[in-house]
Each structure stands twice: as structure tokens, then as C-alpha cells.
Amino acid sequence: MAINQQKQMASASLRPAIKPVDTAGSALASTVRQPQELTGAQIFLQALVDEGVETIFGLPGGVILPIYEYLPDYPLEHILVRHEQGAVHMAEGYAKATGRAGVSLVTSGPGATNAVTGIADAFYDSVPLVVFTGNVASNLLGNDAFQEADIAGMTRCCTKHNLVVRRIDQLAQAIREAFHIATTGRPGPVLVDIPKDVLTAMATYDPSERQIYLPGYANPEHFTDEELDTTLEILQSAKQPVLLMGGGVITANASEKVVAFAERFKIPVASSLMGLGGFPNQHPQYLGFCGMHGHYWANIAIANADVLLIVGNRLGERQTGATSRFAKNAKIIHIDLDPSTLEKNVDTFLPLQGDINNILSALLDKTESSEAQAGFAKSMATRNNWYQAIEGYKQRKPAKNHQENLLTPELVIEQLFSHMPADAIVTTEVGQHQMWAAQRFNLSQPRSWLTSGGLGTMGFGFPAAIGAQKAFPDRLVVDIAGDGSFQMTLQEIATAVDYKLPVKVAIINNGHLGMIRQWQGKIYTRESQAVMTSPDYVKLAEAYGAKGFVVNHPSELDAVIKEAYAITDRPVLIDFRVQEKADVYPWVPAGGANEQQWVTSDDATASQSPQSKANATNPQTIKPNKDGGFA
Amino acid sequence: MSERTLTCKLQNQLGGLDKLLGALTHRGFLPKHMHCEGQGDLMSVRIIFDCEDDHTFYKLLKYVDKQIMVVDVQPRPNFSVSEALAIMNS
């Protein structure tokens with residue numbers, strides 16, 4: 001027998017057969033209708049079933065083995081991951097795509113600490129998550145026990161709420177409260193830490209008990225009729241209004257209301273990174289994406305607005321640019337459910353605290369009166385002038401980076417979108433590809449754009465895509481990834497293969513940490529640690545049991561994308577070997593005002609320091625100054 | 001430096017004091033005086049610290065107020081529109 005044949009047979013015998021997913025429950029599962037004595041692990045599982053949980057993303061460990069002992073008895077599908085960070089990002093993708101709480105289960109110590117990045121990511125993007133961590137037995141807490149970690153202490157600043165369950169009789173209520181907190185008000189991650197002895201103790205579980213005790217939790221609305229009248233007057237007298245929406249519109253399921261409102265008032269609408277998909281892309285009133293790498297015309301419209309209505313948007317500085325110069329000509333009205341978001345980053349003329357749907361509905365109701373109609377007729381007369389001005393702004397845009405015989409990242413991303421059906425879901429990693437994708441995003445359904453905005457977590461997109469694919473097995477799910485980001489969580493290819501989740505990963509492979517290289521090239525004086533190698537992704541895919549493609553030339557794009565999108569039984573990696581050094585434009589330099597965007601590379605070059613320009617052409621000119629530093 | 005006093009009740013069995021002090025420390029405020037009372041479900045806390053800027057103090061109050069473990073923050077951070085305008089125009 002040839003040596004290669006012998007090796008293949010040997011490796012095949014070492015590879016365990018993949019077991020089918022356990023979905024069937026026993027007679028015990030979901031039949032607890034009367035108070036019953038159960039172990040803590042059974043109470044845990046039953047409480048999840050009673051909360052409507054269907055899927056858990058997790059990885060077993062010593063202290064949570066009691067849960068895994070009983071898990072097959074319950075109608076819960078467990079997705080076994082390869083790293084706890086993947087579990088939490090998958091739960092995030094599931095939650096972002098569905099609006100329901102994502103659930104993760106991880107063990108103590110390193111299992112819990114591996115989950116922290118995902119938890120913080122969910123916190124900054126207001127994602128409803130419930131993360132369960134096991135912990136060592138209560139009598140060992142504080143003993144530096146094996147795999148002990150004060151995970152509640154570690155995550156106190158990056159969870160909406162967290163708690164340690166100290167007694168078995170607290171467990172069911174803790175789980176109820178966790179789901180309530182995660183999914184109401186401004187959503188966010190809740191961590192519930194459960195010591196092992198709580199899981200093995202016995203207690204009575206009463207499914208009819210629904211008590212919640214949260215004296216410090218409320219989601220009040222604070223807006224008055226007078227404030228609504230003031231808002232209406234301001235909008236009626238506005239000559240150049242803009243509505244700036246954020247991810248909160250999608251979280252609140254308020255997209256339809258925003259569209260109705262924008263159409264009634266004929267206001268152009270811009271979106272933050274997190275709000276993409278919340279307003280129909282093809283709508284004539286849609287301006288597009290604003291911020292650091294946003295569309296020039298969206299940024300200029302906001303800068304020239306006389307009234308800025310901000311809806312479900314926390315105004316992060318990547319979006320506003322220098323906050324002291326953001327929308328300086330505008331009267332700002334800010335609608336948000338979270339009071340701590342109002343007047344935090346930007347001075348506001350009129351903050352309205354409440355649910356977007358309620359406030360916009362109330363405003364729309366007020367427009368029905370004949371007085372309001374008369375007011376509108378007057379203001380609409382000038383609205384066409386404003387739209388004409390915006391059309392003028394749209395004449396300024398970066399040149400298309402389409403070059404014959406060169407695979408450019410922009411062309412790849414445009415082609416990825418052009419082949420997608422209307423109900424596709426797109427996730428991204430973080431970096432240049434994320435910004436190019438945001439600029440070219442053309443889907444029109446809420447919850448079709450899943451990205452890491454606040455924390456900006458490289459490695460988010462692929463596991464999030466797996467979570468979204470789990471939620472919607474029949475939709476096309478594409479992760480647009482950089483080669484740097486993808487290598488952070490690519491171990492989850494195994495998870496996608498195991499559960500036959502046909503996520504498509506489009507790797508924009510430029511052999512660099514692209515955004516780092518871009519900043520070093522234009523803002524700093526030299527490239528440093530930005531070159532990154534990758535494995536052969538086709539061989540990697542095949543090693544995992546996935547499908548791999550490589551694309552080197554524009555002529556290959558159409559056929560490969562079509563073939564990749566048609567695969568439905570396994571994940572797909574597409575290695576797009578793109579132009580190494582392309583920069584994302586437009587670009588607001590950090591600390592600059594949005595209207596000072598560099599729209600083309602010539603704008604950026606003109607702004608570079610002489611030293612930086614010199615180094616760009618000849619690195620040998622770098623010399624230390626007399627104090628030992630560099631120019 | 002303007003001296004500020006923040007009082008609240010919090011569920012300390014949930015780590016409420018840790019959360020409150022973490023919020024202050026993260027923003028660069030160090031307590032000058034602190035008084036805590038009560039071991040039951042809701043502990044009363046009074047913290048005195050320096051904070052020069054009204055707006056920064058206001059933002060901190062709103063952050064603390066929204067924490068689930070914290071109840072009844074004083075001074076109340078919910079300003080009316082007229083009060084908010086008065087502060088911005090002062």
C-alpha cells in the first residue's frame with residue numbers, strides 16, 4: 001500500500017464519528033407542571049425551557065457537568081463550540097438576528113474568562129444575552145481553587161447585570177430575572193454565576209412561580225405633551241432637517257415607524273454603523289451611512305442640518321467625529337430609551353426619554369390635526385431645495401478602485417452583495433473590510449447586518465454568522481472577514497461542520513492587518529507589525545470537512561461566488577487574494593470634524609506631515625531627533 | 001474643586017458597592033469620605049468626592065441611577081427640559 005494511502009487510513013480511524021444532535025427529550029422534559037423536587041441542574045434546565053430557550057451555545061467543564069448529566073433529557077439543542085469566546089459570539093449572532101436572548105453556558109475559571117470578550121461586546125452593542133458560568137463549590141470560593149475565578153467581579157463593568165447564585169432556592173428566580181433584564185429596556189448581557197454545589201443540591205421547583213424582585217430596575221418614559229408639541233413645531237419650521245438613526249431602531253423593532261415618520265415629514269435619513277438595514281436602502285430619502293468612514297454626503301448633510309432628530313443612537317465618537325463640532329448648525333432632538341445616553345456625548349436641545357415606537361406614534365398622531373397639516377404645507381415648500389442640495393453633495397465621492405487584472409477588495413465586496421438574495425444576512429469582522437462592506441451594504445431588512453460596533457471585536461463575525469445561521473437555516477449567511485480577524489476564531493469551522501451550518505466566509509485576504517497599515521501609512525510614520533501571513537484556506541477548509549475556494553483574478557469572481565452561495569450542507573471559505581495596500585475612503589481623521597473628511601487619497605496625502613510623507617516614499621529617512629524620539 | 005455628595009441605596013449582596021465604586025474609579029473620581037450603613041437587602045451609601053464639572057457629575061448620576069443594583073440615587077438626575085436648558089445656557 002502506498003504511504004499516502006496508509007496515512008489517510010490511519011487518520012480516518014482516529015477521527016471520531018460525529019454524533020447527531022440531541023434534540024429529543026425524555027418524559028421528564030417540559031412536563032414539570034406541578035411543584036417538584038429537582039436537583040439544581042434540573043431546575044436550571046427546566047427554567048430555560050420555561051423561558052422559551054431552544055438553543056444553548058456552550059462547552060462543558062468540570063463544575064457544570066451536573067448540567068450535562070441531565071441535558072439530554074430536555075428539549076434544548078446544545079451547540080458544542082471549540083472556544084468559549086465562540087460560544088458567546090454565536091449567542092450574539094443568534095440574538096442580533098432574531099431579537100431573542102442568546103444563551104451561552106461555560107465552565108468556571110478559563111471557560112468564564114474566555115467569555116469576557118463576547119460579554120463586553122454584547123454590552124457595548126446592547127445585545128440581549130444570558131451567559132451562565134459555573135463556579136467552584138461555595139466552600140471553595142476565595143481559596144484559589146482549581147479553575148476558580150471571580151467572574152462576577154470581572155464582568156461587573158461590562159454586563160447589564162450579574163449575580164452569583166448563593167443558594168439553590170435563588171436559582172429559578174435568578175434565571176427568570178436574568179432573562180427579564182436581558183430582554184427589556186435597553187437590552188444587554190446578564191451573567192449568572194452558579195457554584196457547583198448549587199447544581200447538585202435539591203429544591204422544589206414550582207413552574208407557576210414567576211416572582212421578580214428588582215427594586216432598582218425600571219424603564220420609565222419621560223416625555224410630555226408639551227415636549228412633543230415643541231418637537232412638532234421645530235420639525236415644521238425646519239428647512240434642512242436630517243433624521244439620524246442608530247441600532248436602537250432595530251433593537252426596538254421600530255423600523256416601520258421610522259419609515260412612516262420620515263415619509264410624513266419628508267426628512268432625509270442617515271444611519272450609524274449599527275443602524276444599517278433599519279431603513280430601506282433603496283428608499284429615495286435614505287442618505288446612507290455616516291461617520292468616520294461614512295458617505296461624504298451623509299456627513300455633510302448632518303453638518304449642514306438646521307434640525308437633527310436622533311433616534312435610537314448613542315452617538316459614539318466614531319460616528320460624530322469631534323463632538324464639539326458635531327452638527328453645530330442644528331437644533332438637536334434626541335429620542336432614546338436609555339436616559340444615560342441622552343446628553344452624554346452631544347449637547348441636546350430636547351431629550352425625549354422613551355420607547356421609539358411610542359414617541360414617534362405620538363408625534364404622528366399629532367400630525368393629523370388640521371393645524372399641523374397647515375404647518376406642514378408651509379415647511380414642505382422648502383424641502384425640495386434641501387434634497388437638491390443633497391444631490392449636489394453626492395457628486396463628491398471616492399473614485400472606484402476597479403482595476404483590470406487586479407482583484408481589489410472593493411470589487412470583491414460589491415460582487416458579494418450583488419449576488420445576495422434580499423433576505424441574506426451579513427456579518428462582518430472588524431477592519432477595512434467592515435467599512436467597505438458598510439459603505440456598500442444594500443440589503444433592506446432589519447437584523448440583516450450583524451457587526452461589532454462598540455467594542456470592535458476582531459473574530460466576532462464568523463461565530464456570529466454561525467449563530468445567525470442556526471437561527472435561520474434556510475437563509476444565506478455571509479461573513480465578510482479580514483484575514484487577521486478570521487484567524488482569531490477560525491477554530492469554529494469545526495462547529496459549523498458538525499452542525500451542517502453552511503456559513504460562507506469571504507476572506508478579504510490582503511496579507512496585512514489592513515486598518516493598522518492604513519493608519520500607520522497616513523497618520524504615523526512607518527509600518528510596524530502589520531504584515532500577517534495566513535494558512536492555505538482551501539486546504540484548511542478541507543481539513544475540517546468544509547469547502548474552500550481561492551480567487552486570484554476578477555474574472556473568477558462571478559462563478560466562484562455563485563457556486564459558493566449554492567452550497568447548503570457545510571461551511572464555505574472563499575480566499576479572495578486581494579490587492580495588498582488599498583485604503584478606505586472617505587476617512588475622517590481621528591479628532592477631526594466629519595465635514596473635514598478626506599474623500600480621496602489626495603486629500604489625505606495633502607494633510608500628511610512632511611516626515612510621514614517622506615517615510616512613505618523612503619523609510620531610510622527615519623531618523624531620531626536630538627531628544628531620542630522620532631519626528 | 002467642587003465637592004459632590006452622592007447618596008443611594010444598593011443591593012450589596014449583588015456587589016452593588018463594587019459597581020458604584022468601580023463607576024467612580026473608572027472616571028477618575030476618588031472618594032474622600034464614604035459612609036455605608038445596613039447589611040440587609042438595601043444598604044445606604046453616602047459618598048463625597050470632588051468633581052469640578054456639572055455636566056460630568058450629571059452624566060455619572062445617570063449612569064449610577066440606571067444600574068439595577070442601585071436604587072434611589074440622590075440628587076435625582078432626571079432634569080426637566082427647562083432645567084436642562086438653564087444648565088446648558090448658564
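Reader: Which residue has the backbone oxygen that the side chain of A:Asn135 reaches?
Author: This is a predicted model, in which local features need pLDDT of at least 70, side-chain atom pairs count only at pLDDT 80 or more, and totals for chains, interfaces and linings use all residues. Residues are numbered from 1 along each chain as its sequence is written, chains are lettered from A and ligands numbered from 1 in the order in which they are written, and side-chain values use heavy atoms, with hydrogens and water left out. A:Asn135 is found in strand 5 (residues 129-135) of chain A; helices (H or I, at least four residues) and strands (E, at least two) are DSSP runs, numbered from the N terminus. At 3.2 Å, the side chain of A:Asn135 reaches the backbone oxygen of A:Ala149.

Reader: Is A:Asn135 buried or exposed?
Author: Buried means under 20% relative accessible area, exposed over 50%, and partly exposed in between (1.4 Å probe, protein chains only). A:Asn135 touches residues including A:Val63, A:Leu141, A:Asp193 and A:Pro195, where contact means heavy atoms within 4.5 Å. With a relative accessible area of 2%, A:Asn135 is buried.

Reader: What is the relative accessible area of A:Gln597?
Author: A:Gln597 lies in the loop between strand 20 (572-577) and helix 25 (601-607) of chain A. Leaving out residues up to four places away in sequence, A:Gln597 touches, among others, A:Gly291, A:His293, A:Tyr296, A:Asn299 and A:Trp587. A:Gln597 counts as buried, with a relative accessible area of 5%.

Reader: How many of the nine residues of helix 13 of chain A are buried?
Author: Helix 13 covers residues 296-304 and is mostly covered. Among its buried residues are A:Tyr296 and A:Asn299, and both of these are touched by A:Gln597. The number of buried residues in helix 13 of chain A is eight.

Reader: How many residues apart in sequence are the parts that A:Arg210 and A:Glu51 tie together?
Author: The two side chains meet in a salt bridge (3.2 Å, N to O), that is, a side-chain nitrogen of Lys or Arg within 4 Å of a carboxyl oxygen of Asp or Glu. A:Arg210 is partly exposed at 43% relative accessibility, and A:Glu51 is partly exposed at 24%. A:Arg210 lies in the loop between strand 8 (202-205) and helix 10 (225-237) of chain A and A:Glu51 in the loop between helix 2 (40-50) and strand 2 (55-58), so the separation in sequence is 159 residues.

Reader: What is the area buried between chain B and chain A?
Author: The contact takes 22 residues from chain B and 27 residues from chain A. Buried area is the accessible area (1.4 Å probe) that two parts lose on being put together, summed over both. Carbon and sulfur atoms give 56% of the area buried between these chains, which is about 2100 Å².

Reader: Which residue of chain A forms a salt bridge with B:Lys66?
Author: Across the interface of chain B and chain A there are two salt bridges. In the one formed by B:Lys66, the closest N and O atoms are 2.7 Å apart, and the partner is A:Asp338.

Reader: Which helix gives the largest share of the side of chain B that touches chain A?
Author: Helix 1 (16-26), helix 2 (54-65), strand 4 (70-74) and helix 3 (81-89) of chain B each supply at least two residues of that side. The largest share is five residues, and it comes from helix 2 of chain B.

Reader: How many disulfides are there over all chains?
Author: A disulfide is a pair of cysteine sulfur atoms within 2.5 Å. B:Cys51 is buried at 2% relative accessibility, and its sulfur is 16 Å from the closest cysteine sulfur, in B:Cys8, which is too far for a bond. Over all chains the count of disulfides is zero.

Definitions and conventions:
Polar contact = N/O pair within 3.5 Å; in protein donor to acceptor, adjacent residues only side chain to side chain.
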